[in-house]
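Please keep the structure open while reading.

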Amino acid sequence: MFDKILIANRGEIALRVLRACKELGIPSVAVHSTADEDAMHVRLADESVCIGPPPARDSYLNIPALLAACEITGADAVHPGYGFLSENARFAEILADHNIGFIGPRPAHIRLMGDKIEAKRTAKRLGLPVIPGSESGIASDQEATELAHSIGFPILIKAAAGGGGRGMHVAHRLEELAPALSSARAQAKAAFADDTLYLEKYLVCPRHVEIQVLGDGQGSAIHLGERDCSLQRRYQKVWEEGRCPALNEAARNAMGETVAQAMRELQYLGVGTVEFLYENAQFYFMEMNTRIQVEHPVTEMITDIDLVLEQIRVAAGSQLELTQSDVKFHGHAIECRINAENPVSFHPSPGKIAQYHPPGGLGVRVDSAVYHGYSIPPYYDSLVGKLIVHGKTRGECLMRLRRALDEFVIEGIDTTLPLFRALVREKDIIDGDYHICWLEDFLARGGMAN
Ligand code: MV4
């Protein structure tokens, strides 16, 4: 096992990793920018090191400063959390060169999944269903036209180096294809310094269903069920739940087992998420994320498995002790991402938290690093905290969520709490009848203003 873990992150995920370190009895090191001197992760860690000024590129993304912090404190492993350096294969390699463990997958798997064409090719080879489309980069407009005819419109153009919705362009008919290709190419070149593009059949309003996996890199891998993350705005997830309201036990287990088998073949190490679009009872592979995700608590609540603790164990070389039959799903969990944003305009609202009273009680979990009197700095993402609620059934979970949201007090800044108080009273949400377009449609028809 590791002797000391440096947490290369901030906010609620730094705290989440710290909790796992404490339970494992492993000393922890917090790093922070000068904007985060008063942050909770700095207070709760065993040691802390200031690694630079507020901009992330000078602090949380500053690899030499992180290496120096490991050197000074004697940390022999780094947990990257999510975002920042969590999917940077080069960072994982540099740590290995310095004999420091990276708590995440092997660099080759991070790199493989970072290239969306390679990822899709691999998924197909491993037997996962993929969206109809090109099997490699598009060489010419003529090739694109021929492909588009065989796939059928509407067509979605994606960037190989994109992901998370970045660099996507739709062509509804042939005349739109050439202009969409040239703007996609220009944007991809500017944003990723890689203008490789590929085509897919555009699925208009499917659900986003993702499967959580865990592997030990030694041939054992399991799945931990699915999360439905369809409720999103501008590719930012807002509400996640498990199980997916549209799936039954048999469909979940079949897809889960297919994904777990693929991860065994890959000898995947660590936690991962395989993202699918789901439409007309069909799954289509989209991308794989090779990090712990924001919404991992949904899975923890319905499986009682501590994903961060398991992630640390396998990164240290332990074999998976859990087998697929040890994973039992019980009840339902919903996570609400509470952001420091105006709930109508979504403008960021950093500043001082004048009152803070999180909800509690049976089945209620709040993952947050803020406290009464804390000032949210303007430099980073706007997540204030995550409210995760569990119930024996989806109905009980919603009932408890309504109560917990009404109990939650955050004053001094705008938050998205009012959005969730409205959502839990919407018929489609109560019925689980929504897809990836639902939230933006709701906001566009003035769902919050009414
Ligand atoms: C798609 C799609 C429809 N058809 N691909 C968005 C994020 C990135 N992972 C891929 N995304 C999509 N890919 C095809 N062929 C629709 C989306 C998409 C989306 C996916 C999941 C959750 C929310 C979304 C919102 C808009 C578009």
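In this predicted model, Arg243 is found in the loop between β11 and α9, the latter spanning residues 249–266. The peptide bond that leads from Gly242 into Arg243 is cis, with omega near 0 degrees. Another cis peptide bond joins Phe153 and Pro154, where omega is about -5 degrees, and Pro154 has its place in the loop between α7 (141–151) and β6. These bonds deserve a look in the model, because most peptide bonds are trans, just as most residues other than glycine have a negative phi.

Phe346 is not a glycine either and has a positive phi of about 65 degrees; its loop runs between β14 (332–339) and β15 (351–352). Is each of these residues buried or exposed? Ala193 counts as exposed, because its relative accessibility is 70% and the cut-off for exposed is over 50%, whereas Phe346, with a relative accessible area of 11%, is buried.

A further positive phi, near 60 degrees, belongs to Asp304, the residue that follows α10. Helix α10 itself covers residues 296–303, and eight of its eight residues are buried, so this helix is largely enclosed by the rest of the structure. Among the buried residues of α10 are His296 and Glu300, together with Val298, Met301 and Ile302.

Charged side chains can be followed next, starting with their pairings, for which the count comes to 35 salt bridges. In one of them Glu12 pairs with Lys386, the closest N and O atoms being 2.9 Å apart. Because Glu12 lies in helix α1 (residues 11–24) and Lys386 in strand β19 (residues 383–391), the pair ties together parts that are 374 residues apart in sequence. Both Glu12 and Lys386 are buried.

Glu210 and Lys237 form another salt bridge, with their closest N and O atoms 3.0 Å apart. This pair links distant parts of the chain, since Glu210 belongs to strand β9 (residues 207–216) and Lys237 to strand β11 (residues 236–242), 27 residues apart. Glu210 is buried, with a relative accessible area of 0%, and Lys237 is buried as well, at 14%. The two residues also take part in a network of salt bridges that links Glu210, Arg227, Lys237, Glu240, Glu275, Glu295 and Arg337.

The salt bridge between the side chains of Glu396 and Lys392, at 3.0 Å from N to O, has partners in contrasting surroundings. Glu396 counts as buried at 17% relative accessibility, while Lys392 is exposed, with a relative accessible area of 65%.

The side chain of Asp76 instead reaches the backbone nitrogen of Asp3, at 2.9 Å.

The last stop is the ligand. Of the 18 residues around the ligand, Lys158, Glu200, Lys201, Leu203 and Glu287 come nearest. A polar side-chain atom of Lys158 lies 3.0 Å from a nitrogen atom of the ligand, and polar side-chain atoms of Glu200 and Glu287 each lie 2.9 Å from a ligand nitrogen atom. On its own the ligand has 520 Å² of accessible area, of which the protein covers 91%. Which elements give two or more residues to the shell around the ligand? They are the strands β6 (155–159), β8 (197–201), β12 (269–279) and β13 (282–289). By class, the shell is made up of nine nonpolar, four polar and five charged residues.

Technical notes:
Residues are numbered from 1 along each chain as its sequence is written. This is a predicted model: local features need pLDDT of at least 70, side-chain atom pairs count only at pLDDT 80 or more; totals for chains, interfaces and linings use all residues. Side-chain values use heavy atoms; hydrogens and water are left out. A residue is near a molecule or strand if one of its heavy atoms lies within 4 Å of it. A polar contact is a pair of N or O atoms within 3.5 Å; within protein, one must be able to donate a hydrogen and the other to accept it, and residues adjacent in sequence count only if both atoms are side-chain atoms. Accessible areas come from the Shrake-Rupley method with a 1.4 Å probe; for residues, only the protein chains shown count as cover. Helices (H or I, at least four residues) and strands (E, at least two) are DSSP runs, numbered from the N terminus. Ala, Val, Leu, Ile, Met, Phe, Trp, Tyr, Cys and Pro count as nonpolar, Asp, Glu, Lys and Arg as charged, and the others, Gly among them, as polar. Buried means under 20% relative accessible area, exposed over 50%, partly exposed in between (1.4 Å probe, protein chains only). A salt bridge is a side-chain nitrogen of Lys or Arg within 4 Å of a carboxyl oxygen of Asp or Glu.
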